[in-house]
Amino acid sequence: MMNLIRNFVRDEKGEDLIEYGLLAAFVAAVATAVIIGDPLGLTGAIEGAYQKAVDALNAQ
Amino acid sequence: MTTPIWVLVPVVLVAAGATWTDLKTRRVPNALTFPALLAGIAAHAVMQGRAGALSAALGMLVAGGLFLPGWLMGWKGAGDVKLMAAVGAWVGFPQAVIAALVSFIAGGVIALIEAVRRRMLKQSLANIGMFGAWVMSRGAGVRPMTSGERFPFALAVLVGGVTAMVWKF
């Protein structure tokens, strides 16, 4: 685990595999469409939960 | 609500700086990403108190977290993950979700252009198909090979970060 963290900190590479770029973009496009359409009302639920946390912090 | 200038300017400067070094050296240096990340959280804490710190910390975790699996698979440079986390901290939650998703999509456009330019689109799509089949078989046999061809990603984070400041939830 420590090695993994060390490798992550040391790695400064700024390149992606082309296959990954294509695949991740497709998945992200689907996810974006789901967020915009929001068929399950998840966006509102997450925003509501986040707002509650913010209100609780501000009330302190 | 429009994005405040104290968020807009750092996001553009950090992501544009990363794009420049990435195009020149294929690296996104820690000397840029770590200070940017810490400054993002500190700026939100100073300007918006505890709620701001929460927004920045969540933004960093969500944006960086969405990019981390790509690095764990060996497909993404950690410089890009740290850059995305820093931009996520600056734009805050929930805008960091938009920043990360749009970065992925912009990265796909760059990957597509590079694949066509290097005459390897067909091979890349075939590799993705083989990887999909390997995942469907629950990892039976040897993990399929990839082309090993890579493209600079920081420009996509610049596009994602700017979009997140314009397109509000």
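Which residues form a nonpolar patch on the surface? In this predicted model, where local features need pLDDT of at least 70, side-chain atom pairs count only at pLDDT 80 or more and totals for chains, interfaces and linings use all residues, the patch is formed by Met1(A), Met2(A), Leu4(A), Ile5(A), Val9(A), Phe34(B), Leu68(B) and Leu72(B). Together they have about 750 Å² of accessible area (Shrake-Rupley method, 1.4 Å probe, with only the protein chains shown counting as cover for residues). Such a patch joins nonpolar side chains (Val, Leu, Ile, Met, Phe, Trp, Tyr) within 5 Å, from residues with over 30% relative accessible area and no salt bridge.

The largest share of the patch, four residues, comes from H1(A); helices here are DSSP runs (H or I) of at least four residues, and strands (E) of at least two, numbered from the N terminus. Leu4(A) lies in this helix.

Turning to the interface, 56 residues of chain B are in contact with 35 residues of chain A, contact being heavy atoms within 4.5 Å. Arg50(B), Trp71(B) and Trp75(B) supply 15% of the area that chain B buries against chain A, more than any other three residues; buried area is the accessible area (1.4 Å probe) lost on putting two parts together, summed over both.

Two salt bridges are found across the interface (a side-chain nitrogen of Lys or Arg within 4 Å of a carboxyl oxygen of Asp or Glu). Lys76(B) and Asp16(A) meet in a salt bridge at 2.6 Å, N to O. On the side of chain B that touches chain A, H2(B) gives the largest share, 13 residues.

Residues are numbered from 1 along each chain as its sequence is written, and chains are lettered from A in the order in which they are written.

Notes: Side-chain values use heavy atoms; hydrogens and water are left out. Patches are made of residues with over 30% relative accessible area and no salt bridge: like charges are joined within 9 Å, nonpolar side chains (Val, Leu, Ile, Met, Phe, Trp, Tyr) within 5 Å.
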